[in-house]
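Colleague: Could you walk me through this one while I have it open? I'll jump around a bit.

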Amino acid sequence: MEIEGEKMFEVDLGNLMAYDSHSTVSSQQSREKLVKECLEKGTELVQAIADSLFTLPSTEDIDGPLVKLPPPTTKLPREKHMPRPRPPTKWEEFAKKKGIINRKKDKIVFDEQSETWKRRHGYDRANDEEAIPIIEAKPTDDPDEDPFAKRRENKKGRVDKQEKNRVQNLRNAAKFGDLPSHVQLAATSLPITGTQAVQKKVTKDELGNVAGIASTATASGGKFDKKLPGEKPLKHKGKFRKFPPVAPAADGKATGPTEREQAEKILNKILSKNNHDILNVKKAVTVTNVKKEKNRRSDKSKSSTTNSKLKPQKKPFKKGGSAKKGNPKTQ
Amino acid sequence: MSEFRTATTRRGKKELQKRAPKLIESGKKTLVLHGTKTSSVLNAVLTQIYHLKKESAVKYSRKNDKINPFEAGGETSLEFFSQKTDCSLFLYGSHSKKRPNNLVIGRTYDHHVYDLVEVGIENFRPMESFVYDKKLAPKEGSKPFMAFIGEGFESIIGLKHLKEVLLDLFRGEVVENLNLAGVDHAYVCTALSSTKVFFTHCALRLKKSGTVVPKMELVEVGPSMDMVIRRHRPPNESVRKEAMRSSKDKPKKKEKNVKKDPLQGKIGNVYIPDQKIGEMALPNKSKGVKRERREARQNHGSDEHASKKKKEEDS
């Protein structure tokens with residue numbers, strides 16, 4: 001197919017897409033003509049894609065010729081984040097520290113009690129604690145205690161502890177990395193908050209403090225109300241004013257603004273608001289002169305022939321503008 | 001019932017693994033839903049786009065209120081649905097007096113709204129209104145060609161955004177190998193003005209030409225519509241950077257069976273399958289071919305020669 005004139009299309013073969021940036025279709029014509037023109041232009045584009053597509057090296061398949069498409073050039077956003085590495089579990093960290101290697105275990109183990117080979121896990125397993133019919137009593141044993149029940153309780157305790165650790169590991173993984181691929185967050189713990197990020201979880205202390213503050217919002221200042229469980233009393237009862245330290249701290253560390261600095265800040269704000277001097281003329285003049293000198297010098301070194309007027313105008317009032325802020329509509 | 005979903009069956013486990021974030025992603029799924037009020041045109045648009053994307057789309061049939069994609073709080077339902085159905089594209093249709101035949105095409109990243117384009121549908125022609133040869137009807141799930149016409153798609157940000165979103169919506173799965181016999185449809189989008197785009201779906205008829213490349217012909221099969229861009233919200237810059245991050249090509253495949261020895265260089269093992277020599281049939285079991293017999297015959301032959309000579313000498 002001949003390419004006439006400047007008709008070059010952007011072809012993205014990986015996506016089977018072509019884009020014609022040069023043609024325009026006028027919307028003033030009748031609907032049928034418009035559709036026809038669009039289809040014509042579309043046919044050209046599709047032909048261009050087909051040109052490059054059918055000339056790719058193809059292998060014969062049962063259904064037809066197979067071509068290997070190049071990867072797409074237009075980048076589109078991902079739908080999920082990149083997989084993050086999972087943080088190691090508590091056991092993994094411990095094993096690494098101690099140098100414990102995980103060794104493969106046999107499926108069949110020798111059972112001491114029956115002196116046969118039994119499977120390690122499952123029905124009729126080897127060395128099963130619960131399969132022992134008789135437990136010999138020791139002289140230190142309590143006669144009212146049921147050793148079988150005790151063994152069962154211990155096992156249950158161990159299983160619960162393991163489950164707690166497993167959930168803790170998963171929570172850790174969800175917080176600092178990615179969950180393993182076969183685990184997902186349940187619907188109740190999904191972080192759905194619209195476009196905002198995940199909201200910070202309020203701690204127990206914070207809640208207690210806030211509850212204490214809120215409890216004072218009654219007619220009697222919360223004096224005669226029943227205190228809720230977990231509600232903390234107000235840290236500063238009554239009128240509260242914070243005074244900055246008069247002298248700097250003994251260890252020389254920064255203590256924040258002193259009383260003098262605070263007063264100065266307020267004073268400056270007030271004075272600048274009522275200050276009718278828009279511009280420090282002297283300062284503005286020197287600043288602009290210095291800038292001009294700099295530009296002239298850089299122009300000379302570059303030996304550019306372009307007129308400075310053609311260059312993009314830099315805002316000359318930038319310095320004056322900050323002072324101007326102090327004087328909002330002068331009327 | 002904890003804060004984590006785990007599967008009890010192997011099949012369930014595979015389903016969960018499908019939804020986990022992957023290095024190289026497979027096709028995006030689309031969620032098609034509508035708000036409290038829709039028009040007949042909008043219903044048709046939604047159902048037809050759903051049919052075009054049958055395998056990779058989920059359609060909700062009930063009306064969903066409290067969805068306002070452009071408002072701060074109105075996206076929570078959409079995000080929840082995106083999480084539930086594992087869809088990263090959504091098509092939300094609503095109709096009101098202020099915005100008639102309104103269609104919001106949105107994308108999500110990590111099940112949070114990434115970007116939105118609000119488009120009004122005009123001059124809609126459903127698939128049924130097109131008359132064409134039934135043999136040309138495109139098959140479901142085939143990879144389409146995409147054609148964009150008009151400089152507006154480059155210069156105007158709204159159109160540029162719409163182009164990206166339409167590409168994402170209709171391109172289908174990113175495949176490495178394509179069967180050339182299976183290309184049968186194309187989407188054509190033309191920028192008519194700075195806000196209007198003419199969108200249509202055509203089947204491809206491949207005609208024999210002299211060369212390897214067939215001659216393409218577009219036949220409109222529908223649906224076709226005019227999209228008028230109303231509002232659009234581009235993605236947050238930081239989120240965009242994160243979403244556009246791609247893995248460096250393909251993960252390097254571990255080369256198996258190759259060892260690099262400092263003395264011998266690169267070595268690998270050659271594994272030959274069991275040749276089962278004992279079960280192989282011997283090529284020729286006939287008596288005359290056996291080596292011993294052959295040798296005996298040779299020796300015997302030389303004796304005969306010797307004896308013949310002797311006889312001649314004698315006679």
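Colleague: Is A:Asp124 buried, exposed or partly exposed?

Modeller: In this predicted model, A:Asp124 is partly exposed, with a relative accessible area of 41%; buried means under 20% relative accessible area, exposed over 50%, and partly exposed in between, with a 1.4 Å probe and protein chains only. A:Asp124 belongs to the loop between β6 (116–119) and α3 (147–176) of chain A, where helices (H or I, at least four residues) and strands (E, at least two) are DSSP runs numbered from the N terminus.

Colleague: What is phi of A:Asp124 near?

Modeller: Phi of A:Asp124 is near 55°, a positive value in a residue other than glycine. A:Asn127 likewise has a positive phi, near 50°, and is placed in the loop between β6 and α3 of chain A.

Colleague: Before going on, what are the ground rules for numbering and confidence?

Modeller: Residues are numbered from 1 along each chain as its sequence is written, while chains are lettered from A and ligands numbered from 1 in the order in which they are written. As this is a predicted model, local features need pLDDT of at least 70 and side-chain atom pairs count only at pLDDT 80 or more, whereas totals for chains, interfaces and linings use all residues; side-chain values use heavy atoms, with hydrogens and water left out.

Colleague: Now aromatics: how many pairs over all chains?

Modeller: A search of the whole structure gives 10 aromatic pairs, where rings of Phe, Tyr and Trp (its six-membered ring) pair if their centres lie within 6.5 Å, and planes under 30 degrees apart count as stacked, over 60 as edge-to-face and the rest as tilted. One of them joins A:Tyr19 and B:Phe153 edge-to-face, at 6.3 Å centre to centre with 75° between the planes. That pair crosses between chains, from strand β2 (residues 17–20) of chain A to helix α4 (residues 152–155) of chain B.

Colleague: And are A:Tyr19 and B:Phe153 buried or exposed?

Modeller: A:Tyr19 is buried, with a relative accessible area of 1%, and B:Phe153 also counts as buried at 1% relative accessibility.

Colleague: Which residues make up the cluster with A:Tyr19, and which charged end sits over its ring?

Modeller: Ring pairs link A:Tyr19, B:Phe148 and B:Phe153 into a cluster. The charged end of B:Lys163 sits over the ring of A:Tyr19, 4.5 Å from its centre, and B:Lys163 also lies over the face of B:Phe148, at 5.6 Å from the ring centre; the test asks for NZ of Lys or CZ of Arg within 6 Å of the ring centre and within 35 degrees of the ring normal.

Colleague: Switching to chain B, what is its secondary structure, and how much of it is buried?

Modeller: Chain B has seven helices and 13 strands, and 40% of its 315 residues count as buried.

Colleague: What is B:Val45 in contact with, beyond its neighbours within four places in sequence?

Modeller: B:Val45, found in helix α2 (residues 40–52) of chain B and buried at 0% relative accessibility, is in contact (heavy atoms within 4.5 Å) with B:Leu103, B:Ile121, B:Phe124 and B:Met225. The C-alpha atoms of B:Val45 and B:Met225 are separated by 8.9 Å, although the two are 180 residues apart along the chain.

Colleague: Last one: which peptide bond is cis, with omega near -5°?

Modeller: That is the bond from B:Gly222 to B:Pro223, and B:Pro223 has its place in strand β11 (residues 215–233) of chain B.
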